[in-house]
Amino acid sequence: MAGVTWVYDFSEGSKDQKDLLGGKGANLAEMTNLGLPVPPGFTITTDACRHYLEHGGTPPELGDQVSEHLTALEKAMGKTLGDPADPLLVSVRSGAAASMPGMMETVLNVGLNDDSVQGLAGQSGSERFAWDSYRRLIQMFGKTVQGIDGELFDDALDAVKEEQGTESDLDLDADHLRDVVDRFRAIVREHTGRDFPQDPREQMDLAINAVFDSWNSERAILYRRRERIPGDAGTAVNVVAMVFGNLGMDSGTGVAFTRDPGSGEQGVYGDYLQNAQGEDVVAGIRNTVPLPDLESIDKGAYDELMGIMSRLESHYRDLCDIEFTVERNKLWMLQTRVGKRTAGAAFRIATQLVDEGLIDMDEAVRRVTGDQLAQLMFPRFVSGGDAQQLTQGMNASPGAAVGKAVFSSEEAVRWADRGEKVVLVRRETNPDDLSGMIAAEGVLTSRGGKTSHAAVVARGMGKTCVCGAEELQVDTKAKRFTAPDGTVVEEGDVVSIDGSTGKVWLGEVPVEPSSVVRYFEGELDPESGDADDLVRSVHRILTHADQVRRLDVRTNADTPADSARARRFGARGIGLCRTEHMFLGDRRQLVEKLILADGDDERQAALDALEPLQKQDFLEIFEAMDGLPVTVRLLDPPLHEFLPDLTELSVRVAVAEERGEPDEGNLRLLAAVRGMHESNPMLGLRGVRLGLVVPGLFAMQVRAIAEAACERKRAGGDPRPEIMIPLVGAVQELEAIREEAERVLAEVCEECGIDVRPLIGTMIEVPRAALTAGEIAEHAEFFSFGTNDLTQMTWGFSRDDVEAAFFHQYLDKGIFGISPFESLDRDGVGRLVRIGAESGRAARPDLKLGVCGEHGGDPDSVHFFHEVGLDYVSCSPFRVPVARLEAGRAALGAERAGS
Ligand code: PEP
Ligand code: MG
């Protein structure tokens with residue numbers, strides 16, 4: 001690999017070279033080139049890391065290239081690495097292209113040894129500082145580079161503090177710290193069989209390799225799997241001249257944001273800690289002061305920092321977060337990057353930046369995400385009130401839930417059945433808790449992280465969840481939990497949990513609907529004084545997204561109320577009107593009659609009784625969606641879902657027989673239920689199969705659709721029905737149903753004297769349908785991808801069975817980054833969608849293509865559907881705004897993750 005450049009000076013790179021230099025390196029280079037006070041240094045590329053990982057060693061030229069850059073660094077600093085009289089010290093820091101906070105290693109103070117520690121003491125005028133720096137090096141190096149258990153060092157330090165009768169590092173003087181160094185050196189000797197390396201260059205090289213190795217640490221691998229960061233990207237390594245924030249009270253270290261990452265407001269935000277190094281801030285050993293206090297501590301450094309912050313913001317055209325150090329009144333910039341922010345701040349900042357002329361509306365749409373918008377749509381707790389906060393756990397699934405604490409699923413179901421609102425409190429949940437989770441307003445657990453069972457299942461259900469609230473002692477047997485302040489919460493006591501922040505309160509915290517939802521509902525005019533900044537930002541951004549998007553957005557709705565709401569939320573039609581709920585309630589008896597019918601006449605009578613009811617359903621929905629397409633799906637679930645439960649019915653029949661009063665009707669029903677029982681109903685007699693096997697069923701539904709459409713037309717409406725056949729796997733199935741549907745449509749048109757010609761199409765939700773889409777398209781005017789079933793059938797697992805049973809383990813093990821039911825599995829299921837779309841269009845160029853599985857409202861999946869050229873996505877009413885935004889972002893080529 002002769003001629004490859006493995007090392008770049010900070011003056012040689014730019015912020016656009018993240019892949020090569022990592023995020024930290026690229027931004028250090030950018031700041032250097034802006035002339036900002038960055039300590040000099042160089043970056044070893046991610047290419048070098050990849051070479052190291054592939055070949056088990058560094059590229060042969062790396063050593064020389066590092067030497068060259070080190071010499072330049074020494075020249076710039078006027079010092080030599082590890083010089084016994086006046087040592088240059090460096091930090092060796094990891095920095096991958098994608099942010100992986102805390103996943104990889106950093107070693108500070110490289111270059112110190114038994115001699116140069118004296119030089120550092122002389123130069124800095126502080127023995128204490130020198131020995132403290134040396135002990136930090138041995139500690140970090142021992143742990144990171146030499147793989148020694150970090151607790152051994154912590155224990156040794158604690159022992160010295162204890163001997164001195166103190167808990168604070170600051171009470172240790174130079175002699176004590178020398179003692180710490182001696183103990184640390186002994187630990188290193190004992191565990192590695194050699195003395196702590198004294199050669200500064202050897203220290204540096206070993207530290208660089210350790211950073212490379214940390215790419216493949218277990219926690220880093222797991223993190224990448226989950227975050228879908230490519231495993232072969234590698235990390236860059238930054239070697240930076242050390243600057244010291246711990247040289248006295250005229251020194252310090254801090255973090256800053258150019259705007260409030262919580263609200264988006266402009267101002268000075270951050271924290272500062274005098275006489276400290278970065279790790280002290282994170283460790284929270286001492287209290288920081290708010291950044292504005294730096295003005296009175298060190299006005300020169302403060303003014304310079306303010307100037308740099310405004311420069312960075314206009315340069316990056318975004319909120320930046322910054323790490324800095326002040327060494328004896330001299331400001332140094334250690335890091336910057338585009339900063340993380342809350343959902344509300346993201347929207348506000350995006351439109352502020354437009355108003356400041358820094359970005360245009362296209363960019364504003366790219367800067368926010370559908371996930372952020374979804375967060376803004378949950379109801380919120382009103383702040384204030386007098387409820388007592390008990391603890392804060394992990395914000396596992398957003399929302400605001402208030403209810404009485406219950407400690408088992410059985411209680412949750414029982415209490416909910418009698419109309420009580422409950423919060424299910426468990427140490428952790430397992431698949432047996434599913435019914436309780438469904439019954440509860442929210443779920444609170446004391447164990448487990450964001451991929452625990454409770455978290456995964458709650459997110460899947462859209463249920464509020466706070467998990468891992470470790471400070472709570474949950475005693476499910478005694479039906480109570482105890483908060484850290486000793487407060488005991490018994491079964492039946494009201495608690496409030498906030499899934500967006502993880503906070504838990506005793507008592508009822510008032511909840512208010514989201515202003516963003518009120519805006520979507522049309523209750524809040526974005527132009528009026530009642531609307532806040534957030535609503536105005538959301539309105540501007542969504543309006544623009546609507547203008548630029550190519551994908552249409554429809555909704556999945558099967559009631560007039562849902563249809564009307566989705567329309568207010570911006571849906572342009574119904575992509576899936578499931579008809580199964582229309583067969584429940586009182587109508588169940590008619591379905592029973594249909595199933596038990598003895599001969600054609602009885603069956604037809606049952607169908608004739610159902611038909612006007614169906615027609616009324618459609619009339620109302622067509623009215624709510626007047627002028628917009630309504631895709632009605634013919635009946636999909638197996639008919640036995642409308643019959644009584646087998647066990648229940650068996651008991652009823654047995655009891656009746658026992659009493660000597662056998663019930664003829666129930667006996668027939670039981671025989672039918674037994675006859676229709678299926679081991680795997682998902683793969684049984686459902687969808688189009690039902691239409692082919694139960695004479696007249698689909699014809700009845702088609703007639704109801706056609707008659708409703710005629711009636712709406714007669715009343716001056718503009719109904720646009722589309723008829724969709726579910727679960728087709730072979731073109732022959734579709735052909736047969738199509739023929740029947742066309743015959744019925746012609747009859748109704750003839751009878752009514754009105755022309756209605758709904759499009760007739762099919763769902764593509766069986767892998768075979770995707771694979772034979774070319775033939776199917778010959779007989780379908782549209783396809784709608786049913787990615788729920790397509791996912792089940794492609795993976796070979798049934799959602800109801802597996803999601804609660806083992807998905808959290810698959811997520812924990814990193815086998816899934818995210819559940820394939822939440823976000824489309826592009827490589828597998830997506831491949832089938834692509835094949836289906838392409839071969840369908842090849843056979844019928846004007847074939848209309850949509851998707852109506854739940855993925856239609858998932859941000860990442862929307863981008864995929866845009867890419868494969870679908871015409872629309874269809875999703876539940878509440879996801880409609882999310883889909884509108886993401887469709888706009890997809891059209892603008894935004895990355896899904898956003899800022
Ligand atoms: C699907 O399978 O994606 C679909 C929309 O149908 P259902 O969820 O009703 O099975
Ligand atoms: Mg389906």
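1. **Ground rules.** Residues are numbered from 1 along each chain as its sequence is written, while chains are lettered from A and ligands numbered from 1 in the order in which they are written. As this is a predicted model, local features need pLDDT of at least 70 and side-chain atom pairs count only at pLDDT 80 or more, whereas totals for chains, interfaces and linings use all residues; side-chain values use heavy atoms, with hydrogens and water left out.

2. **The whole chain.** Welcome to a protein chain of 899 residues, of which 55% count as buried (under 20% relative accessible area; exposed is over 50% and partly exposed is in between, with a 1.4 Å probe and protein chains only). You will find 35 helices and 33 strands; these are DSSP runs numbered from the N terminus, helices being H or I of at least four residues and strands E of at least two. Along the principal axes, the C-alpha atoms fill a box of roughly 105 × 65 × 60 Å. Of the contacts (heavy atoms within 4.5 Å) between residues at least 6 apart in sequence, 68% join residues at least 24 apart.

3. **Two annotated spans.** In the model, residues 420-502 are 18% helix and 33% strand, with end C-alpha atoms 23 Å apart. Residues 538-888 are 55% helix and 11% strand, and their end C-alpha atoms are 13 Å apart.

4. Glu 765 sits in the loop between strand S30 (759-764) and helix H29 (767-771), and Asp 789 is in helix H31 (residues 787-795), 24 residues apart. Both Glu 765 and Asp 789 are buried.

5. **Nonpolar cores.** In soluble globular proteins, nonpolar side chains tend to be buried together. The largest nonpolar core here has 123 residues, and Val 538, Leu 697 and Phe 783 have the most contacts inside it. A nonpolar core is a set of buried Ala, Val, Leu, Ile, Met, Phe, Trp, Tyr and Cys residues joined through side-chain atoms within 4.5 Å. Helix H27 (residues 697-714) gives the largest share of this core, eleven residues. A second, separate core of 55 residues includes Trp 131 and Ile 208. Back at Phe 783, its contacts beyond four places in sequence include Ile 764, Ala 777, Leu 847 and Gly 850.

6. **A five-stranded sheet.** What is the order of the strands in the open sheet? The order is S10-S9-S8-S11-S12, with antiparallel pairing; two strands pair if DSSP finds at least two bridges between them. Strand S10 (289-290) and strand S12 (330-338) are the edges, each pairing on one side only. Eight bridges join strand S11 (residues 320-327) to S12, with Thr 325 partnered by Trp 332. Helix H12 (residues 299-316) lies across S8, S9, S11 and S12, at about 25° to S12. Axes are lines fitted to C-alpha atoms, for helices over the stretch in contact, and angles run from 0 to 180 degrees between N-to-C directions.

7. **Two buried strands.** In strand S2 (residues 41-44), Gly 41 and Thr 43 point one way, Phe 42 and Ile 44 the other, and all are buried. S2 runs antiparallel to strand S1 (residues 7-9), with three bridges, and to strand S7 (residues 235-241), with four. Ile 44 is the bridge partner of Val 7 and also pairs with Val 237 in S7. Strand S19 (residues 464-467) is likewise covered on both faces, by burial of Thr 464 and Val 466 on one side and Cys 465 and Cys 467 on the other. S19 pairs antiparallel with strand S15 (residues 394-397) and parallel with strand S18 (residues 442-445). Cys 465 stands opposite Ser 397 and opposite Val 443.
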